[in-house]
Amino acid sequence: MRYRVWMGIGVILWMVAGCSLPGVLPSDKETGGEETQGVNPLTGEVMEQRGAGRPWMVMVNNHAQARPQSGLDRADLVAEVLAEGEITRFAAFYYGAREGVVGPVRSVRPYFLDLARGPQAVVTHAGGSPKALDRIRKEGLSSLDGIHGDSHWFRRVNFRPPPHNLYTDLEQLWKGSAQKGYGESSVESPYIFSRKEPGEGRAASRIDLRYHRLYRVGYRYDPETGRYVRYTQGEKQVDRETETPLVMDNVLVIRAPHRVIDSSGRREVGITDGGEGVLFRGGKAWPLRWEYRQGWILPLIDGKPAPLAPGKTWINVLPVDGGLKYGK
């Protein structure tokens, strides 16, 4: 009955908006702000009929021994930030997908917790730095910790050495979240999704990023699909389960201050500081500013939210002195 009521409301809203749903119908319509029933607030695309519940932010390992990873292709939104040394870590957000293997799962850092705040995501991780674990306890953050109390929702595999062998499944995370009382939440995304481009952009069919002198990332635009294909250390990155390339509709590159804070190489990253960035979509680039607003990284052009193409978005958080080149 509840679903039918919401569907009725959705139809009325659809008619009032001129019969347009985000990411599906004509490009002169935009969507953003408060969640609409059946529309994923992280992608602007229509979801399956099943209730969405809470998003998860899964910390996914990106060590060389952890590649290729599982489940990144199903994430709605992925943020990539340096962890220790030259290695980045992925914060993969899942809201539309509710099944499939994800991993390897790795530990969390405080700046990733800042990313979980806006979507009210259940932080899914394998332990964490002392500061991160302390924040989870003190702030009462929703958490599924694969090595501290929630291990029954995770498993170790035998085809990878520890600590690169901890995996989970989205169905297990659904069950774990329900058992711990992490009920549904209303996700109010500030993102605007539109098929209209934000003005005239610069050619950007090739994107090259340098996080560290020992770690580089690339994207190549595929005009046939209208999406970017991901490369890591010069190799096309694929999903381990399906062997399909990782692709995304938006690539958002932002710069943030990084500072090493201990002998283990842990960092502080200015996720909340704001700064410069570039949005890539449709083979073009738009320089912009970004701000941290109510727990979200929000790209801005002329002070207004930059329209994202409906679909998946990858956010690359570069050090201020990181490298960025793009062009034809």
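At 3% relative accessibility, Y111 counts as buried. Buried here means under 20% relative accessible area, exposed over 50%, and partly exposed in between, with a 1.4 Å probe and protein chains only. F112 is buried too, at 0% relative accessibility. This is a predicted model: local features need pLDDT of at least 70, side-chain atom pairs count only at pLDDT 80 or more, and totals for chains, interfaces and linings use all residues. Residues are numbered from 1 along each chain as its sequence is written, and side-chain values use heavy atoms, with hydrogens and water left out.

A search of the whole structure finds eight aromatic pairs. Rings of Phe, Tyr and Trp (its six-membered ring) pair if their centres lie within 6.5 Å; planes under 30 degrees apart count as stacked, over 60 as edge-to-face, and the rest as tilted. Y111 and F112 form a tilted pair, with 4.9 Å centre to centre and 40° between the planes. Y191 and W296 form an edge-to-face pair, at 5.4 Å centre to centre and 85° between the planes. Y191 sits in strand β10 (residues 189-194) and W296 in strand β22 (residues 296-301), so this pair ties together parts that are 105 residues apart in sequence. Y191 is buried at 6% relative accessibility. W296 is buried as well, with a relative accessible area of 4%. Y191, F193 and W296 make up one aromatic cluster.

## Whole chain

The chain has four helices and 25 strands. Both are DSSP runs, numbered from the N terminus: helices are H or I with at least four residues, strands are E with at least two. Of the 328 residues in the chain, 52% are buried. Contact means heavy atoms within 4.5 Å. Among contacts between residues at least 6 apart in sequence, 64% join residues at least 24 apart.

The accessible surface comes to about 14,900 Å². Carbon and sulfur atoms account for 49% of that surface. Accessible areas come from the Shrake-Rupley method with a 1.4 Å probe; for residues, only the protein chains shown count as cover.

## Nonpolar cores

A nonpolar core is a set of buried Ala, Val, Leu, Ile, Met, Phe, Trp, Tyr and Cys residues joined through side-chain atoms within 4.5 Å. The largest has 44 residues. M57, F112, L115 and I315 have the most contacts inside it. Apart from this core lies another, of 39 residues, among them F154, Y182, A204 and Y219.

## Helix α3

In α3, A132, L133, R135 and I136 are buried. Seen down the helix axis, the buried residues fall within an arc of 155°, so they line one face of α3. The arc is that of the directions from the helix axis to the C-beta atoms. On the other side, P130, K131, R137 and K138 are exposed. Cover for the buried residues of α3 includes α2 (110-117), β6 (122-125) and β7. Just after the helix, G140 takes a positive phi of about 60°.

A132 is buried, with a relative accessible area of 0%. Outside four places in sequence, A132 touches V108, R109, P110 and L113. The C-alpha atoms of A132 and R109 are separated by 5.2 Å, although the two residues are 23 apart along the chain.

## Two buried loop residues

S142 lies in the loop between α3 (130-139) and β7 (143-145). S142 counts as buried at 13% relative accessibility. The side chain of S142 makes a polar contact of 3.1 Å with the side chain of R54. A polar contact is a pair of N or O atoms within 3.5 Å; within protein, one must be able to donate a hydrogen and the other to accept it, and residues adjacent in sequence count only if both atoms are side-chain atoms. Leaving aside neighbours within four places, S142 is in contact with R54, A121, V122, V123 and Y182.

Q237 lies in the loop between β15 (235-236) and β16 (247-248). Q237 is buried at 4% relative accessibility. Its side chain makes a polar contact of 2.9 Å with the side chain of Q69. The side chain of Q237 also makes one with the side chain of R230, at 2.9 Å. Beyond four places in sequence, the contacts of Q237 include N62, L72, F90, Y231 and T244.
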